[in-house]
Amino acid sequence: MKIKRTTMRVAMGLLTAFVILTAGFLTKGEAIAQQSKYVVSVFGQNVSTSHVYVNDGKSYVSLRALTDKLQAKISYTKHSELYDYHQYEFSFNEERVMVWGNEHRGFWIQTRPVGKDSGPHDKKIYKPEQICVQESDVCKVDKKQYHGPILVKGTLYVPIREIAQALELEVVMKKADGQTVIDLASASN
């Protein structure tokens with residue numbers, strides 16, 4: 001009887017320690033599901049907080065939710081090579097915005113004028129740092145320095161500052177009702 005009580009106490013102690021140690025650790029999905037302290041607004045229209053994600057102090061917004069607010073039609077293409085590459089494109093203010101890549105090599109953000117082919121007018125907004133095997137094209141993203149677009153449960157989230165730069169929009173942050181409002185608006189001239 002004494003052995004059963006001791007075993008039970010040890011088991012309860014381990015369970016309690018596990019609960020205490022894991023409290024406060026959230027998966028990416030749980031972090032999104034919680035009420036966000038950040039609200040993203042595009043031209044005065046709020047994006048649902050379920051489409052806002054904060055990772056390592058950097059704010060992200062769902063690309064689909066953003067393009068919906070911009071009333072921009074987005075296209076998606078999947079290229080299968082050594083790794084699958086995801087390519088998202090949409091047009092806004094005479095610029096074609098492209099977000100492409102994968103989780104292994106990272107995602108790039110670049111723009112080019114609508115109707116133009118690849119060339120010197122391309123603007124590279126975000127390019128992930130790579131770790132490559134010497135004298136080889138075998139590379140992977142340097143996760144310690146990566147702050148680009150991320151996939152969470154099949155949804156692409158883009159960093160707000162970089163996507164605002166690609167769209168030539170101004171980022172204005174203000175506090176309201178205990179939340180931080182990140183407003184994307186036309187840059188003042």
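1. A polar contact here is a pair of N or O atoms within 3.5 Å; within protein, one must be able to donate a hydrogen and the other to accept it, and residues adjacent in sequence count only if both atoms are side-chain atoms. The side chains of Thr111 and Glu95 make one, at 3.4 Å.

2. Some housekeeping before going on. This is a predicted model, in which local features need pLDDT of at least 70 and side-chain atom pairs count only at pLDDT 80 or more, while totals for chains, interfaces and linings use all residues. Residues are numbered from 1 along each chain as its sequence is written, and side-chain values use heavy atoms, with hydrogens and water left out.

3. Back to Thr111. You'll find Thr111 in strand 8 (residues 106-113); strands (E, at least two residues) and helices (H or I, at least four) are DSSP runs numbered from the N terminus. Thr111 counts as buried because its relative accessibility is 2%, where buried means under 20% relative accessible area, exposed over 50%, and partly exposed in between (1.4 Å probe, protein chains only).

4. What does Thr111 touch, not counting residues up to four places away in sequence? Its contacts (heavy atoms within 4.5 Å) include Glu95, Arg96, His121, Ile125 and Ala166.

5. Five strands form an open sheet in the order 5-6-7-8-9, with antiparallel pairing; two strands pair if DSSP finds at least two bridges between them. Strand 5 (75-80) and strand 9 (123-126) are the edges, each with a single partner strand, so one side of each has no neighbour in the sheet. On average, neighbouring strands of this sheet are turned by 20 degrees against each other, direction ignored. Axes are lines fitted to C-alpha atoms, for helices over the stretch in contact, and angles run from 0 to 180 degrees between N-to-C directions.

6. Strands 8 and 9 run antiparallel and are joined by 3 bridges. Ile109 has Tyr126 in strand 9 as its bridge partner. Helix 3 (residues 63-70) packs on the sheet, touching strand 6 (84-92) and strand 7 (95-102), with its direction at about 15 degrees to that of strand 6. Helix 4 packs on the sheet too, touching strands 6, 7, 8 and 9, and its direction makes about 165 degrees with that of strand 9.

7. Helix 4 (residues 160-167) is mostly covered, with 6 of its 8 residues buried. Ala166, one of the residues touched by Thr111, is among those buried residues. Just past helix 4, Glu168 takes a positive phi of about 55 degrees.
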